[in-house]
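Please open the structure in a viewer and keep the selection tool at hand.

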Amino acid sequence: MAPQPIAIPQKSPRVVATSISPPTQTLHDRLRHRESHASFGVIRQPKVLHPVDNEGLRLLLLENISQEAVSYLRAQAFTVDHYTKALSEDELVEKIPHYHAIGIRSKTRITERVIKAASKLLVIGCFCIGTNQVDLATAAKAGIPVFNSPFSNSRSVAELVIAEIIALSRQLFQRSFELRAGIWNKQSKGCWEVRGKTLGIVGYGHIGSQLSVLAEALGMRVIFYDVINLMPLGSARQVDPLQALLAEADFVTLHVPELPETVNMISKTELEQMKEGSYLINNARGRVVDIPALIEALQSKHLAGAALDVFPAEPASNGATFDDSVNSWSSTLRSLPNVILSPHIGGSTEEAQRMIGEEVSQALARYLNYGSTVGAVNFPEVDLRAITAEQGDHVRVCHVHNNQPGVLRQVNDILSPYNVEKQYSDSKGDVAYLLADIADVSPTDVNKLREQISKTRANILTRLLA
Ligand SMILES: NC(=O)c1ccc[n+]([C@@H]2O[C@H](COP(=O)([O-])OP(=O)(O)OC[C@H]3O[C@@H](n4cnc5c(N)ncnc54)[C@H](O)[C@@H]3O)[C@@H](O)[C@H]2O)c1
């Protein structure tokens, strides 16, 4: 029996139809067969759920998102339209009503107008780090989670920092500039091996901890400062307060997010607390360092060098000039010796791009197929353990609703004739999300259930997966 798609009513609040898995799915059969040979205690195979009208789910991928992502999503049986360019708002408004999911990078803007036109849209994937190109609040209110990939480039940043530590320590860029200008200047004064030196990592998160491992492999001693107590990797040591790190480290590297408390976290006082002849590296966010104070510390030779990949203001496009019209001190900074300046390339590698493709496409598929919102930036994060292959008549309810009193009682009243195997609900701001797995639901009941939940007054979007 083929899946039975049910017409999608187009009025608001949004309701999406359900399709039920065919009873003789090849994969299911294979899984069941495997299960029948499995002894007690062997891990149960998860059931492959089928979202609403599976064959009909259409995805629009823009801005040349990686082929790996396209292949992965096509392998999930989604129809994928892939474009190399970004679309304008008008073009999007015209196209988006046909799609259930969209993948973008940083150039496509998903505005309120676009979201209003997106009558079928279930999910947005930002195949990049930032999400400020999407109207996140409007998307959440429309029941649309937004996923991104904040940590896919951690390794790339950590490796760049290692390169900068060695390049600063050997005055490598300075020697290279001189030779490019035709000047032979072979010298060892003020040039050091990094072995045995102390690296001070400020912020021991995804990047800081990766860096810790790499630096120890080079024979460096690693200390770190973080606002939370963290288990050190290898022989690294957490220190507190920040001043203790600044007083001990030969290299100070910053890996904190930009927050009100981290803006100008390294300013005149902190620079003075750093060791004479030490180095500062910033690959985090530009406003974490007070750059005029850093310029003074470099000019006075208190610091022996610095590497900066991020700046308080950064040009919007490649080819733009980086001069005093961008930041008032740009030309002074550019003129200083042993200062490495790079255009925010910490995470810019082929590997990071590929990982972003994998991570975001998997998040899209997990949401469309299983309702999981883990990792969503604008949505309550909800997940349930898998329905197993032998639980053939189980149905997963995915109910996005306004965060208001009485909703759970109403929904649970509707679910009361069935056994609710598991249920989880969470809220974020005005939006709440409930996932529930219901046992022993007949195909006819599935539609009734969906209609009843969709009619509750707080409903934003109800999907059933089976
Ligand atoms: N240069 C680039 O291209 C590039 C690429 C990726 C990330 N980044 C930036 O690197 C930074 C770190 O990224 P991540 O992925 O490691 O982040 P993360 O969230 O994994 O880690 C940040 C760590 O900083 C700690 N922290 C927060 N406030 C602090 C404070 N006041 N003092 C000390 N520690 C504090 C947190 O507890 C956490 O352990 C972010 O600013 C991110 O935007 C830059």
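**Confidence**

Begin by colouring the protein by pLDDT, the predictor's confidence in each residue on a scale from 0 to 100. Among the elements of the protein, the lowest mean pLDDT, 37, belongs to helix H1 (residues 26–36), and the highest, 99, to strand E10 (residues 251–254). Helices (H or I, at least four residues) and strands (E, at least two) are DSSP runs, numbered from the N terminus. Next select residues 1–13, where the pLDDT is below 50; beyond near neighbours in sequence, this stretch has 25 contacts in the model. A contact requires the C-beta atoms of two residues, placed from the backbone, to lie within 7 Å. Residues 15–41 also stay under 50 in pLDDT, and the model has 49 contacts for them beyond four places in sequence. For the protein, the mean pLDDT is 89, and 89% of residues reach 70 or more.

This is a predicted model, in which local features need pLDDT of at least 70 and side-chain atom pairs count only at pLDDT 80 or more, whereas totals for chains, interfaces and linings use all residues. Residues are numbered from 1 along each chain as its sequence is written.

**The ligand shell**

Select the ligand and the 30 residues around it; Gly203, Gly205, Ile207, Gly346 and Gly347 come nearest. A residue is near a molecule if its C-beta atom, placed from the backbone, lies within 6 Å of it. By class, the shell comprises 13 nonpolar, 12 polar and 5 charged residues. Here Ala, Val, Leu, Ile, Met, Phe, Trp, Tyr, Cys and Pro count as nonpolar, Asp, Glu, Lys and Arg as charged, and the others, Gly among them, as polar. Helices H6 (154–169) and H8 (206–217) each supply at least two residues of this shell, and H8 gives the largest share, 3 residues.

**H6 against H8**

Now display H6 and H8, whose axes come within 8 Å and cross at roughly 50°. Axes are lines fitted to C-alpha atoms, for helices over the stretch in contact, and angles run from 0 to 180 degrees between N-to-C directions. H6 is therefore oblique to H8; angles under 35 degrees count as roughly parallel, over 145 as roughly antiparallel, 65 to 115 as roughly perpendicular and the rest as oblique. On the H6 side, the contact includes Ser154, Arg155 and Val157, and on the H8 side His206, Ile207 and Gln210. This contact has 8 nonpolar, 3 polar and 1 charged residues.

**H2 against H13**

Finally, select H2 (residues 67–75) and H13 (residues 350–370), whose axes come within 8 Å and cross at roughly 25°. H2 is therefore roughly parallel to H13.
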